[in-house]
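Subject: Structure for you to look at

Hello,

Here is the structure I promised to pass on. Please open it alongside these notes.

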Amino acid sequence: MTEPLLRVLHTRGERLTVGALPWVAPVYRAMAAVAEVIELPFAHGGLQWSARRALAQQVRGRFQRAIVCPNSLKSALLPFWAGIPERVGYHGEARYGLLTQRLPNPDKHARPPMVAWYGALAGSAMPRDAQPRMQVAEQACQKAMAAQSLQAKRYVVLVPGAEYGPAKRWPAAQFAALAQQWVAQHQLAVILLGSGKDADVCAQIASQVNAAHPGTCHDLAGRTSLEDAIALVFGARAMVSNDSGLMHVAAALGVPQVAIFGSSSPLHTPPLSPLARVIWLKNDANYQPPLDCAPCFARQCPLGHTRCLRDVTVEMVMARVDT
């Protein structure tokens, strides 16, 4: 969701280096506007003063401007210690002195979509085409597919995980039923993608699908690099996912997709692509009784029913993929 911001900066003639943690660095390498990616040697959590100071010394004098996308205090330390003259970001965690230009934090009840949130850091109007874009080399795509004995557009990708919690995850049994319909009706292979944290749910889905259609469901959760996962998404005929990171990757690659929303809101983090279809029962006038509780943004359903996801049917998803 930062890609449109980077494209605006690139169009203005700026050479862009992105500092990113290793798990997300491949996403930035797939963006045409990015000239260089520096992988940040920081673990999750903690200030890690010495590591940040050391890297700040390495990059001192290289940059004129730093755009600090995260809102955390620690994210503003490195550009401050590196002596970068212009340091732009949101006020965030009371970053007085660390930033030379601080944008006010929008009211949490009137938050703009994330693309617009990041785009404001450019200090100029965003282009009409604010759809994120990524690119994958044909050779990389062919290599990733060959490793799994796949052919382009002869498989679909399912992403049943969501890092935030179960209130963002369509039930595994429904993912399995969807996969079986795809195999039976369209003779397409099914690929399950996700991190190691999604291994259990993906194994459950693969077991059910392969019991009915042996060898048709490939469980790759935690078994691929992010580079290969991006390449496999690019080669797919379609993708179905929860509100997750790979949802945005599919949108940026222009892959037909269905995104299922539960506790979160597509008004805030939608997949920005003309080929994306969103299912959110909150906005379905035919769904009764209405989901007055959505979006709750909770990790687990506060009411214990998870209707927002449980009542999304396989038929709803298939209908949107086929359109």
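Below is what turned up, by topic.

First, the ground rules. This is a predicted model, in which local features need pLDDT of at least 70 and side-chain atom pairs count only at pLDDT 80 or more, while totals for chains, interfaces and linings use all residues. Residues are numbered from 1 along each chain as its sequence is written, and side-chain values use heavy atoms, without hydrogens or water.

Cores. A nonpolar core here is a set of buried Ala, Val, Leu, Ile, Met, Phe, Trp, Tyr and Cys residues joined through side-chain atoms within 4.5 Å. Buried means under 20% relative accessible area, exposed over 50%, and partly exposed in between (1.4 Å probe, protein chains only). The largest nonpolar core has 50 residues, and Met-134, Tyr-155 and Leu-193 touch the most other members. Apart from it lies another core of 34 residues, including Leu-188 and Tyr-287.

Helix H10. Helices (H or I, at least four residues) and strands (E, at least two) are DSSP runs, numbered from the N terminus. H10 spans residues 245-253, and eight of its nine residues are buried. Those buried residues pack against H9 and strands S6 (155-159), S9 (238-242) and S10 (257-260). Contact means heavy atoms within 4.5 Å. Gly-254 follows H10 and has a positive phi, near 70 degrees.

Helix pair H6 and H9. H6 covers residues 138-147; its axis is 8 Å from that of H9, at an angle of about 95 degrees. Axes are lines fitted to C-alpha atoms, for helices over the stretch in contact, and angles run from 0 to 180 degrees between N-to-C directions. The two helices are therefore roughly perpendicular, a label for 65 to 115 degrees. On the H6 side, the contact includes Ala-140 and Met-145; on the H9 side, Asp-228 and Phe-234 are among the residues.

Glu-227. This residue lies in H9, which runs over residues 226-235. Is Glu-227 buried or partly exposed? Glu-227 is partly exposed, at 42% relative accessible area. Not counting residues up to four places away in sequence, Glu-227 touches Pro-26 and Arg-29. Trp-23 is 204 residues away in sequence, yet its C-alpha is 10.0 Å from that of Glu-227.

Cysteines. The whole structure has zero disulfides, meaning pairs of cysteine sulfur atoms within 2.5 Å. The closest cysteine sulfur to that of Cys-217 is in Cys-202, 8.3 Å away and too far for a bond. Cys-217 is also buried, at 7% relative accessible area. For Cys-301, the closest is Cys-293, with 6.3 Å between the sulfurs, again too far.

Best wishes

How values were computed: Parallel < 35°, antiparallel > 145°, perpendicular 65-115°, else oblique.
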